[in-house]
Amino acid sequence: MKSLFLFLLFSFFCSFLHAEGETKIVDGSFTVPKDDIKIEYEIRYFQSIRKQPGVVLCHPDPRLGGSFNNHIVSAIAHELAGKGYFTLKFNFRGVGKSEGSFAEGKGEQRDIKAALEKLRSFKEVDSENIY
């Protein structure tokens with residue numbers, strides 16, 4: 001309930017933003033360098049001539065069934081893309097099509113770092129505005 005409230009509050013405050021163009025959704029994978037495992041991701045963005053701020057979205061605890069298909073994570077990705085943000089959501093190691101297994105939080109930190117680097121690699125992303 002608290003997550004839904006925060007999402008609605010965030011949507012309200014971002015309602016003044018508006019992206020023009022067509023939404024693109026692309027699936028892929030990136031490699032976590034130190035562990036040499038592939039991580040599944042999905043990007044969502046509006047085609048635009050300007051660079052867009054980027055956002056990495058993490059899902060709830062994978063030990064409790066969390067994945068990037070979580071309805072709140074998906075709704076946030078959809079809303080942010082609609083407001084002109086380039087979003088990347090990913091499955092932590094061992095979740096969905098991501099390789100590996102739970103690594104007590106240390107490996108998951110490397111997953112996030114690799115996701116941020118992947119986000120920076122897209123030409124559509126303003127690498128100075130990543131959240």
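Q: Which residue of strand 2 stands opposite Asp27?
A: Glu42 does. Keep in mind that this is a predicted model.

Q: How many bridges join strand 1 to strand 2, and do they run parallel or antiparallel?
A: There are 10 bridges between strand 1 and strand 2, and the two run antiparallel.

Q: OK, zoom out. What's the strand order in the sheet?
A: The order is 1-2-4-3-5, with five strands in an open sheet and mixed pairing.

Q: Which ones are the edge strands?
A: Strand 1 (23–32) and strand 5 (125–130), each of which pairs on one side only.

Q: And how much are neighbouring strands turned against each other?
A: By 35° on average, ignoring direction.

Q: Which strands does helix 3 lie across?
A: Helix 3 (residues 106–121) lies across strand 1, strand 2, strand 3 (52–57), strand 4 and strand 5. Relative to strand 1, helix 3 runs at about 130°.

Q: Gln109 is in that helix. Buried or exposed?
A: Gln109 has 55% relative accessibility, so it counts as exposed, the cut-off being over 50%.

Q: How far is Gln109 from Phe92, C-alpha to C-alpha?
A: The separation is 9.4 Å, with the two residues 17 apart along the chain.

Q: Now the inside. Which residues have the most contacts inside the largest nonpolar core?
A: Phe30, Leu88 and Phe90, in a core of 18 residues.

Q: Where does that core come from?
A: Strand 1, strand 2, strand 4, helix 3 and strand 5 each supply at least two of its residues. Strand 2 gives the largest share, with five residues.

Q: What does Leu88 touch, leaving out residues up to four places away in sequence?
A: Quite a list: Tyr41, Glu42, Ile43, Val55, Val56, Leu57, Ala115, Lys118, Leu119 and Phe122.

Q: Which residues are in the second core?
A: That one is separate and has six residues, including Val55, Leu57, Leu80 and Tyr85. Val55 and Leu57 are also among the residues that Leu88 touches.

Key: Residues are numbered from 1 along each chain as its sequence is written. This is a predicted model: local features need pLDDT of at least 70, side-chain atom pairs count only at pLDDT 80 or more; totals for chains, interfaces and linings use all residues. Side-chain values use heavy atoms; hydrogens and water are left out. Two strands pair if DSSP finds at least two bridges between them. Helices (H or I, at least four residues) and strands (E, at least two) are DSSP runs, numbered from the N terminus. Axes are lines fitted to C-alpha atoms, for helices over the stretch in contact, and angles run from 0 to 180 degrees between N-to-C directions. Contact means heavy atoms within 4.5 Å. Buried means under 20% relative accessible area, exposed over 50%, partly exposed in between (1.4 Å probe, protein chains only). A nonpolar core is a set of buried Ala, Val, Leu, Ile, Met, Phe, Trp, Tyr and Cys residues joined through side-chain atoms within 4.5 Å.
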